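Open the model in your viewer and keep the selection panel at hand. Each stop below says what to select and what is there.

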Amino acid sequence: MRSETQNIVAEIEKSLELLAQRMDIETAPHRLEEFNARVEDPTLWDDPEAAQKLMRERQSLLDAMQTHASIRQEMSDNIELIELGEMEEDAEVVSEAEAALKTLKARAAEKELEALLDGEADANDTFLEINSGAGGTESCDWAAMLARMYVRWAEKKGYKVELQSESAGEEAGIKSATYKISGHNAYGWLKSESGVHRLVRISPYDSAAKRHTSFSSVWVYPVVDDNIEIEVNPADIRIDTYRSSGAGGQHVNTTDSAVRITHNPTGIVVTSSEKSQHQNRDIAMKALKSRLYQLELDRRNAEINAAHEAKGDAGWGNQIRSYVLQPYQMVKDLRTNHETSDTKGVLDGDLDPFMAATLALDVAGKSRADAQGE
């Protein structure tokens, strides 16, 4: 077996080791038996919320076990094919098996990262909020570019994307937009995107063709599960209705049905501008509870997730990532130093490498904090 192929096998083995540690593979079969026994209990659904939680935990363990087993089996099968091909001097068989191992390595690495998404709300759906910074049309256009980038990323993941509210820019782009993104681990992946994003480019709105720097902020918070209790005191909120001012098309609302809820103790403001006022109240209240839940998560993880505790101004000194289109092509994350010259790919939604780098950094920080606390 060639040394390159041996290295690929070693990388797959490392991923398998982490997957095994995350699910505690030695006790996993016993825990699955316990889950199966509880599922057969006729009184299980007397408490629907507890039953749903148990079913989710069982499925998560089952998926982890099946993933680990299938990756190991596929790796073994392809190693055997390579050995057989080398014995029979069949270069085509060897080449196909080596290509399969490369593909398997990428899959194993992805599953390894998913295994790191073990935070309290990582598996939840998420709200993603984008706001343009100072700079008028330039920042509004940049906010619209970011919205397109995240929608494309979510679609590539197979996630469902719903526009919750949108405020159009005066000349172009958007002042703000909020999306609900639904899918397994949506919050876990996107939480690393919270912060200020900086764009440098030749402005299409400047007749002198000068370089401009624009800022927009992105904030991500989980959709709160029904079984998570977040109490909101009615005396702490103000509910306003208003006429929607969307960008047009299907999001135009011709009645005063849009809803804005202001949470006075925290200053949090959430909006929804669907067709039904009743629906908007429900959506906005869920968004508010999610924001309050995010605040609680941030308090619990202050040292690790300091970047998510406060928004700060969308401007110099607060950015997490720079997107430079002129005079050279580069996207660089300022937290992890991960960078790429494929700016088009990133703006088309190729964000996984950036998210993975930040996720790995957060996990390393948590491990250090745990070690210091022992």
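Select helix H2 (residues 28-39) and helix H3 (residues 48-87). In this predicted model, the two helices pack at an angle of about 145 degrees. Their axes are 10 Å apart. The crossing of H2 past H3 is left-handed.

Now show the side chains on both faces. From H2, the residues that meet H3 include Ala28, Leu32, Phe35 and Val39. Arg31, Asn36 and Arg38 are also among them. On the H3 side, look for Leu54, Met55, Leu61, Leu62 and Met65. Glu57 and Arg58 of H3 take part as well.

Zoom out to the whole chain. How many helices and strands does the protein chain have? There are nine helices and 11 strands. Of the 374 residues, 42% count as buried. The accessible surface comes to about 19800 Å², and 47% of that belongs to carbon and sulfur atoms. Among contacts with a separation of 6 or more, 64% link residues 24 or more positions apart.

Next, the sheet. Colour eight strands in the order S2-S3-S1-S5-S4-S9-S10-S11. They form an open sheet with mixed pairing. Which strands sit at the edges? Strand S2 (160-168) and strand S11 (339-340) do, each pairing on one side only.

Move to strand S5 (211-222). Nine of its 12 residues are buried, so S5 is largely enclosed by the rest of the structure. Select its two partners in turn:

- Strand S1 (126-132) runs antiparallel to S5. Seven bridges join S1 to S5. Pick Leu128: its bridge partner in S5 is Val220.
- Strand S4 (195-202) also pairs with S5 in the antiparallel sense, over eight bridges. Pick Ile202: its bridge partner in S5 is Arg211.

Further along the sheet, select S9 (residues 319-324) and S10 (residues 330-333). These strands pair in the antiparallel sense over four bridges. Arg321 stands opposite Asp333 in S10.

H5 lies across S1, S2, S3, S4, S5 and S9. It runs at about 45 degrees to S5.

The largest nonpolar core has 71 residues. H5 gives the most to this core, with 10 residues. Which residues have the most contacts inside the core? They are Ile12, Leu128, Tyr150 and Tyr323.

A second, separate core holds nine residues, including Ala28, Ala51, Leu54 and Leu62.

Last stop: Ser276. Select the loop between strand S8 (268-272) and helix H7 (277-300), where Ser276 is placed. Is Ser276 buried, partly exposed or exposed? Its relative accessible area is 29%, so it is partly exposed. Finish with a distance check from Ser276 to Ala258, 18 residues apart along the chain. Their C-alpha atoms are separated by 7.9 Å.

Conventions:
Residues are numbered from 1 along each chain as its sequence is written. This is a predicted model: local features need pLDDT of at least 70, side-chain atom pairs count only at pLDDT 80 or more; totals for chains, interfaces and linings use all residues. Side-chain values use heavy atoms; hydrogens and water are left out. Buried means under 20% relative accessible area, exposed over 50%, partly exposed in between (1.4 Å probe, protein chains only). Contact means heavy atoms within 4.5 Å. Accessible areas come from the Shrake-Rupley method with a 1.4 Å probe; for residues, only the protein chains shown count as cover. Two strands pair if DSSP finds at least two bridges between them. Axes are lines fitted to C-alpha atoms, for helices over the stretch in contact, and angles run from 0 to 180 degrees between N-to-C directions. A nonpolar core is a set of buried Ala, Val, Leu, Ile, Met, Phe, Trp, Tyr and Cys residues joined through side-chain atoms within 4.5 Å. A crossing is left-handed if the near helix is turned anticlockwise from the far one by less than a right angle, and right-handed if clockwise.
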